[in-house]
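I am opening the notebook on this model. The entries below record what I looked up, in the order I looked.

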Amino acid sequence: MTTDRPDPSRTVAGHPGSSRAAGGAGDPGRAARPGSPGGAAFTVGLIVNPVAGIGGPAGLKGSDGAGVQLEALARGASPRAGERAALAVRALLARRPDTRIVTVAGPMGEDSVRAAGGVPELVRQAPGDPSSSRDTTAAVEAMRDVDLLLFAGGDGTARDVLDGSPSCPVLGVPAGVKVYSGCFAVSPAAAGTTAAEFGRDAGRAGGPGSTGGTGSTLAAEVVDLDEDAYRRGRVSPLLYGTLRVPAARARLSGRKVGSSAAAPGSAEAIAREVAARMRPGVRYVLGPGATTMAVGRLLGLATTLLGVDVVQDGELVAADVTERRLLGLVDGHETCAVLSVIGGQGFVLGRGNQQIGPAVLKKIMASGGLLVLATQQKLAGLGGRPLLADTGDPEADALVAGHVSVITGHRESAVYRIRPATEEFPA
C-alpha cells in the first residue's frame, strides 16, 4: 500500500501539526461546537487503515503484520477498507453536505473522501509506506479539535484509536476480518448516517457528551484477539478498554457474544439436522464456527474451526479455502452455504467469512441457497433484531433478504428475518 505525502498548501490549522488556516481565529465554524449559538460547522475526522480486512478473503483470519498482508495479496485479495470508508463519507455528506472532513493524506483517508465527492482537509502528517499502527495513533492525536472521529478498520485499528486517547466521540466503519468490538456501526452506510445525525442533533441534545437525544453517547468495548493464536484455532478475545460512541444502539453492531450459554449438545443436535438435510451431488460450503465444525465432525471430516470448507457426498472437497478458490469450486455446481450466526451481533455474512464474497454468494443463491445455524439461546440474545448480511455488495446482500429458516436443533427450526446491513436502520 502506498501513502501519498501531504501537500502543505492543503493542510489545516486548528489541528496539531497543521500549517495553514482553514478559517482562522475569526472563522465562526471553529469558534464553537456543533449546535452552539455560534453556529459551528460540524467537523468529522476520518482515519482509514488501508490494509484492514485484506486477510479475510484470503483465508488468513486477520490482517495484522506485513507478512500476512503480502500473503493476502499473493492469494488474490485486494484492499477494501478505503472503499468502505468512502461509502460512509458518501452517506454522511448526503445528509450533511456542509460537514468539514479532516483526514490524513493518501489511502489513510484523503482518497476515500475524494472518492465520495468530498473535499478533504489534511493534517500535516507523513504516514509510513505502508502505514502502521503508530500512524493511526498519531492521526488520532492530530485530530483533537474534531467533533466526531470516524475510523475504518477492524479490532486492531480500534485498539490503535484507543491508544491515541481521542478527545471526542468515535465511531468505527467496519472493514476488518472479525470486528468483535462494540464500537462499530453495523455497516459503512450506517456509520455515515449516524455521524450526520449526531452532528445535526448534538446541540439540541446538549452536546456530544450529553446523556439524552441522538447527540448523546455511550461507552462501547474494544476487544481484540491474538491473531497467531486465532489462526491455530484458539479464540480468546481480550478487553482493552472503552470508547465513547454515538448512542444509536440500533445502528451499532455491539460486541460479539460467545456461545458458552448454549445447552450441552446443542451444536451436535444442529449438526444432526444439517446432515439429515444434505442431498447427494450438492456441494456444501461450511463457514467458520464451532457449530459448523460440529457438522464436519459428525461426517467424520477434518474441517476447520475458523476456515471455510467445502464438502460433498460425505467427502471433504477442500479445506480452508480462499475466496478465489471457492469461486472456482462453486462454479457449475449446485451449492449450499452452511453458516452460523455471530452471537450478540447477528451477522451471517461479512464477519469472519469474507471468503464467501459477493461473486461466490451470487452463485450460491442461484443454486442451493443458505442453511443458517444458531442455538435458541443465540437467537434469543438478539432481542428481536434481524440477522445481517454485509458482503460489501448491496446487490449480493439483497439476494438473501427476507425470512430464512434457522436450524436450532435436531428437527427444530425457527423462521427469522435477515436483511442487508446497508438498509436504513432507526437511530
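**Entry: H8 against H9.** From H8, Ala267, Glu268, Ile270, Ala271, Arg272, Val274 and Ala275 meet Thr291, Ala294, Val295, Arg297 and Leu298 of H9. By class, eight residues of this contact are nonpolar, one is polar and three are charged. The classes are these: Ala, Val, Leu, Ile, Met, Phe, Trp, Tyr, Cys and Pro are nonpolar; Asp, Glu, Lys and Arg are charged; the others, Gly among them, are polar.

I then looked at the axes, which are lines fitted to C-alpha atoms over the stretch in contact, with angles from 0 to 180 degrees between N-to-C directions. Those of H8 and H9 (residues 290–298) come within 8 Å and cross at roughly 60°. H8 is therefore oblique to H9. For the cut-offs, under 35 degrees is roughly parallel, over 145 roughly antiparallel, 65 to 115 roughly perpendicular, and the rest oblique. The crossing of H8 and H9 is right-handed, that is, the near helix is turned clockwise from the far one by less than a right angle.

**Entry: ground rules.** The model is predicted; local features need pLDDT of at least 70, side-chain atom pairs need pLDDT 80 or more, and totals for chains, interfaces and linings use all residues. Numbering runs from 1 along each chain as its sequence is written, and side-chain values use heavy atoms, without hydrogens and water. Helices (H or I, at least four residues) and strands (E, at least two) are DSSP runs, numbered from the N terminus.

**Entry: H5.** Which residues of H5 are buried (under 20% relative accessible area; exposed is over 50%, partly exposed in between; 1.4 Å probe, protein chains only)? I found Asp155, Thr157, Ala158, Asp160, Val161 and Leu162 in helix H5 (residues 155–163). Those buried residues pack against helix H4 (133–141), strands S4 (148–153), S5 (170–174) and S6 (217–224), and S7. After H5 comes Ser165, with a positive phi near 50°.

**Entry: Thr103.** I placed Thr103 in strand S2 (residues 100–103). Its relative accessible area is 0%, so Thr103 is buried. Leaving out residues up to four places away in sequence, Thr103 touches Leu46, Met108, Gly109, Glu110, Val113, Pro120, Glu121, Leu122, Val123 and Met143.

**Entry: Ala250.** Ala250 sits in the loop between strand S7 (238–246) and helix H8 (266–277). At 27% relative accessible area, Ala250 is partly exposed. I also checked Arg385, 135 residues away along the chain: its C-alpha atom is 8.4 Å from that of Ala250.

**Entry: positive phi.** Most residues other than glycine have a negative phi. Asp313 has a positive phi near 50°; I found Asp313 in the loop between strand S9 (309–312) and strand S10 (315–318). Asp320 also has a positive phi, about 55°. The loop holding Asp320 lies between S10 and helix H10 (323–330). With 31% relative accessibility, Asp320 is partly exposed.

Entry: Strands pair if DSSP finds at least two bridges between them. Strand S13 (residues 369–373) runs parallel to strand S15 (residues 402–409), joined by two bridges. Leu373 has Ile407 of S15 as its bridge partner. S15 pairs with strand S16 (residues 412–420) in the antiparallel sense, over seven bridges. Here Gly402 is bridged to Ile418 in S16. Two residues lie between the strands of the S15 and S16 hairpin, where Arg411 takes a positive phi near 60°.

Note on methods:
Contact means heavy atoms within 4.5 Å.
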